Amino acid sequence: MLRPDLLIVGAGPAGMSAAIVAARAGLKVVVVDEQPTPGGQIWRGIEANAGTSRGRALGEQYCSGLATVRTFRECGAVYWPSTRVWQVESTLGTYVTGPGGTRVVAPRLVLIATGAQERPAPFRGWTLPGVMTVGAAQILLKNPGSVPSEPVWIAGCGPLALLYAHQLIRMGGVVAGFLDTRPSTPLRETLQLAGRAALRSSRELAKGASWYAELYCRAGRYVPDVVDLQALGTDQLEGVRYRTAAGRVEEIRTSLLLVHEGVLPELHTVRSLGCEIQWDAGQAAYRPVLNEWGECSHPDILIAGDAAGIGGAVAAVHRGRLSALRILQRLGKVAAEPEMTEENCRAALAHALVLRPFLDRVFRPREQVFAPDDDTIVCRCEELRARDLCAALSGSVGSNQLKAFTRAGMGPCQGRQCGLTVAALIAAAEGRHMSEVQPFRVRPPLKPLRLCDLAGLADESRSS
Amino acid sequence: MRAGQATTAVIGGGLHGLACALALVQRGQDVVLFERSWIGRRASSATAAGVRTLWRDPAEISLSLEALERWYRMDALVGDDCGFRAGGQIKVAESHAEMEALAARFAQMRELGFHHEELIDARELRRLAPMISEHCVGGLIARRDGAADPHRTIAAFRRAVEGHGAVIREGIAVMALEPAVGGWRVVTDAGSWTVRHVVNAAGAWGAQVCRMVGEVIQFGYKASMVFVTERVEQAFRPVFSTVGRSLSFKQSSQGTLVVGGGIQGGGDLEKGLTQVDFRALAKGAAAAQELFPAIRNVQIVRAWTGLEGKTPDLLPVIGPSARASGVFHIFGFSGHGFELVPLVGEIVADCITYGRSRYDIGSFDVARLLT
Amino acid sequence: MFRLLEDDWGRVESTVTIEIDGYPVIAQIGETVASTLLRVEASWSRTTPVSGARRAPYCMMGVCFDCLMLVEGEGLVRACQTSVRAGLKVQRQMGPRKVGPSC
Ligand SMILES: Cc1cc2nc3c(=O)[nH]c(=O)nc-3n(C[C@H](O)[C@H](O)[C@H](O)COP(=O)(O)OP(=O)(O)OC[C@H]3O[C@@H](n4cnc5c(N)ncnc54)[C@H](O)[C@@H]3O)c2cc1C
Ligand code: FES
C-alpha cells in the first residue's frame, strides 16, 4: 500500500498550489483528480487552450493558470488524473479508482481541495432537456470550445453568469436575453460595501461593472428583478415563463436556458468524515468549521480552496499554500522558496478576499431559491416534488428521516442536488434557522462505484 | 393519559419496540415509547429487510413460520403491506460438497417435522434465477419467504402505534430504571415517568438496559454492512444467500440491488458511530459478482453499517427479566430479527397483559445469558 | 443545442468518430461524451427510471447524474466524465438499465 506524507484531493488552484509547496519541500505527495488534466474548474483545459484564440477570449485570469499547471506538473508530486476518491476513512485510508484500477492509499495527512459546485436552484421544469447551468456551458466553452447554437437566454445571479456572458460575447456567441434574478440590494448598503471594496480592489470592481455594462448593451434583452422562473415544454425546453418582483409575468420562446444562482463548497468528502460544518449566512451556504490554517475538526485533515468556503481562484491559491505551510510545520519541514512565508500568504489571501463581502451581499440568492413551489421537483433523481416532501414533514423530522420516508437523496447524485433544498424546506416547516438544521448524512461511496471495482479489492487483499 | 405516567414504557423505537407498543395499546394499555434518536434510526432502517424462515436455528423456526403468516396479513395489522414481496429465499450451493450440506439440512428439517424448506436442482435454480452463474449446482429454497421495504415498514408501524394512541417520545434517552411503588420509575434525560411495566427493546444497547435492573449478561454486537446499487430493471425475484460465504443478495421493489450478509464493518456502541470497511465489503461484492456475473458493471451508490445486538448462541432474548419483575426483554436478534417483527411484540404484550403467551419462548430466556 | 466555434471546424486530425445509439458522431479528441452529445439533434441522454422523463446533461461537472449513458464495457456512467475515444459505443439509457452479459 502506498503511504505518502500527503494526499491531496483535487487538482484545482488550491490543490495544485498546496502540492507545489509541499512537494518542493521534500514531502511525498499524491494528488488525485477526477478530471483528465489539471486545472480544476477555472483552469479546465488550460494546457490545450493556452496560446489559442480561444484561450485569449477566455481571459487573462484563465490564461494565468498555465504557469501554475506547468509548475505543478514539474514539482515532483505524483499526479493521478481521471481518478475518483470514493472513500476516506477516519483513519485516512483513502480509496481511489482510476485508469490504474482501484487502490487504497494510507497518507499521513489529507488535504481536501474539491472546490465548489453550483447551487441547486429548483424551479418548475428545471429537469427538462434544454435547461443547463451556466457553469456547464462555461465548461463547454473551455472544452471542446462549443457555444450555444442559437442566441441564448441566461437566467441567474452571481459573477459566473456575468463572466460567462462576457466570454461568450467575446467568442462570437450571442446572448438573446438575460433574466437577472439578483434581488436588488438597498442602494446605500451597496455603495458602502462597494466603496470599502473599491479602496483596495478597484480594478476587479471595474471589471465586474464593465461586464454588467456590456451585458446591458449587447444582450438582446435585459430583464432585472426576476423572482420566479418556469421552464415550459414536455420532452424538451420550449420556452420560459418568468415573473418579476413587480408581478409582471412574461413568456419567451427558447430551446436553451442557462441558469446560475451562485456556488457552494463541495462538502461531500468533508461531511462523510463527520467533520463539523456551520451555516454561513453571508454566503447562504454550509461550510466546514476551520481554523486559520484550514484545519478542521478531524485532526489530520485540512481543507483549502472553495471547499473551505467560497473565495474564488486567487484565494484558493493562497489557502492551498497556507495549508501546505501548516503541513510542513507539522511534519518538520520548511518551504523551499524563501518568499513562501505565512505572512506573505496571509497578506495575499486577505487581498484576494477584499471583494468577497461585497460579492456575497450583492449576489445573495433570492429567497425563492430556498422555497420552491409545491409542484417543483426538488430531488431530481427520485423525482420528488416539494409537495411530496412537505407532506412527509409532519412532527419534527430531520433530513435523514425525510430521506428514509421519501427516498429523497437516495438516487445516484447522493443528495448533491436536493440536500440544501431539503434542509431549507425543513427549516421553513419548523420555523427554525438553517443553522439548526442538519443536511443529509453522507454515506459512502462518495462517488458511485462499479461493483467490479469494489470486488477487485477482494482479490487484492487475498493476494497481499 | 397524564404526562409522566403510563402503564407501560417501551425503551427503543426500532421495529420491535414499535411492534410491542402496538400490541400493548391494542390490549388496552397506556404506552409511552422512548427513543434516544429517532424512530427506526438504527438496525431497523439499516436492515437488508429479508423476510426469511430459511436456514434458521431450529429453536426459532416455529416462531418464524408464525411470523411469516403475519407478513402475508400485514395490511390488516398495520394498514400497509410494508412492501412485502414473496419471491422466496434460496441458499445456493456452489459445489457438490455444499449441495450435500444442503441435503443434510433438508433431512434434519424433515426429522423435526418442518416442511418449509425444499431442495432444488440446478435446473430449477436456473429457472428461478436465469442469470445465476454456471457453477452453481442447486439450492435450498423457502418459497413463501421474501423481503420487505424497511422504511415503509417503520412508517406503517409508527402510524399504527400513534393511531392507537400510544405516545412516542423521540430524542429522549432512558438513563436509569428505579424501583417505585407498584412498578418502575423511568429516569430519562427529560424527566421521569412512573410505569407498571418496562419493555427493553433497546437493540444493540439491550444489555445496557439489563444492567439498569441489575442483570449482567453475556452480550456483544454486530456491525453489519449493506450496500445498494443504482436502480436496474427487475430481474431477481428471490433473495439469495450462499452456503460457503457471507452474502445476501436481493432486488428491492424500486429496482436497486441490496447486498449484505453480515459482513462486519466498524462500530462504536458508546458513541453510536459506525464505519464502512470497504476492504471487507469487497468480499460481498466479489461473491455477488461471482454468483451473477452480469451485474459486474452496476454502480454502487450507497453503503452503510448498522449496529445490532448479538448473543453467544445468536438467538434473541424474549420474555420477562430474570431479576426484575415487571421488566420484559425483546432484543439481541443477532442480525435476523426483521422477519420476527409482526409476532414477537405480541408475545411480550401477552406476557405483560395476561401473564403468559401461547408460544414457547423458553429458548430465548435471558437467564441463559446471565454471568 | 451547441456548436463548435469556427476555428475548430474541419481539423480532421483532431477528431474521432464515436457511435451514439448506432449513429456515427464526430467528436473532438479530448472532449467528453456529454459535450459531443450536446451537438447532435436529440441531445438528451436518458429517460429516468422513475417516470420515464427525458433528461440531458445539466451540470457537466459530475454532480447531477442526469448525463448517465450506457458506455460499452463500462456500464451506466456519467457521460460528462467520460472522454471520447475512437469507436466508442454509447447508448441512451431508457428507464432502468438492464443487467445482462452485454452490460
Ligand atoms: C462550474 C463552475 C465554473 C466556474 N467558473 C469560474 C470562472 O470562470 N472564473 C472564476 O474566477 N471562477 C470560476 N468558478 C469558481 C472557481 O472555480 C473557484 O473559485 C476556484 O476554482 C476554486 O479552486 P479550488 O482548487 O478550490 O477548486 P476546483 O478548481 O474546483 O478543484 C477541485 C478539483 O477536485 C476534483 N474532485 C472533487 N471531488 C473529487 C473526488 N472525490 N475524487 C477526485 N477528484 C475530485 C474536481 O474534479 C476538481 O478538479 C467556477 C466554479 C464552478 C463551480
Ligand atoms: S451533466 Fe451533471 S453529472 Fe454529467
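Student: How far does a backbone N or O atom of A:Ala14 lie from an oxygen atom of ligand 1, and what makes this pair a polar contact?

Tutor: The distance is 2.9 Å, and because a polar contact is a pair of N or O atoms within 3.5 Å, the pair qualifies. This is a predicted model, in which local features need pLDDT of at least 70 and side-chain atom pairs count only at pLDDT 80 or more, while totals for chains, interfaces and linings use all residues. Residues are numbered from 1 along each chain as its sequence is written, chains are lettered from A and ligands numbered from 1 in the order in which they are written, and side-chain values use heavy atoms, with hydrogens and water left out.

Student: Which oxygen distances involve the backbones of A:Pro13 and A:Ala313?

Tutor: A backbone N or O atom of A:Pro13 lies 3.2 Å from an oxygen atom of ligand 1, and a polar backbone atom of A:Ala313 is likewise 3.2 Å from an oxygen atom of the ligand. Ligand 1 taken alone exposes 990 Å², and the protein buries 93% of that, by the Shrake-Rupley method with a 1.4 Å probe.

Student: Why is the site around ligand 1 called shared between chains?

Tutor: The residues that surround ligand 1 come from chains A and C, so the site is shared between them. The shell holds 34 residues, each with a heavy atom within 4 Å of the ligand, and the closest are A:Ala14, A:Asp33, A:Val85, A:Gln138 and A:Asp306. Within chain A, at least three residues come from each of domain 1 (6-117 + 264-337) and domain 2 (120-261), with bounds from an automatic or database domain assignment.

Student: How many residues of chain C and chain B are in contact?

Tutor: There are 14 residues of chain C in contact with 12 residues of chain B, where contact means heavy atoms within 4.5 Å. The two chains bury about 1000 Å² between them, 53% of it on carbon and sulfur atoms; this is the accessible area (1.4 Å probe) lost on being put together, summed over both parts. On the chain C side, C:Pro96, C:Arg97 and C:Val99 supply 50% of the area buried against chain B, more than any other three residues.

Student: What lies between domain 1 and domain 2 of chain B?

Tutor: A buried area of about 1200 Å² lies between these domains of chain B, with 54% given by carbon and sulfur atoms. In domain 1 of chain B, B:Ala46, B:Ala48 and B:Ala204 lose the most area to domain 2, together 38% of what that side buries.

Notes: A polar contact is a pair of N or O atoms within 3.5 Å; within protein, one must be able to donate a hydrogen and the other to accept it, and residues adjacent in sequence count only if both atoms are side-chain atoms.
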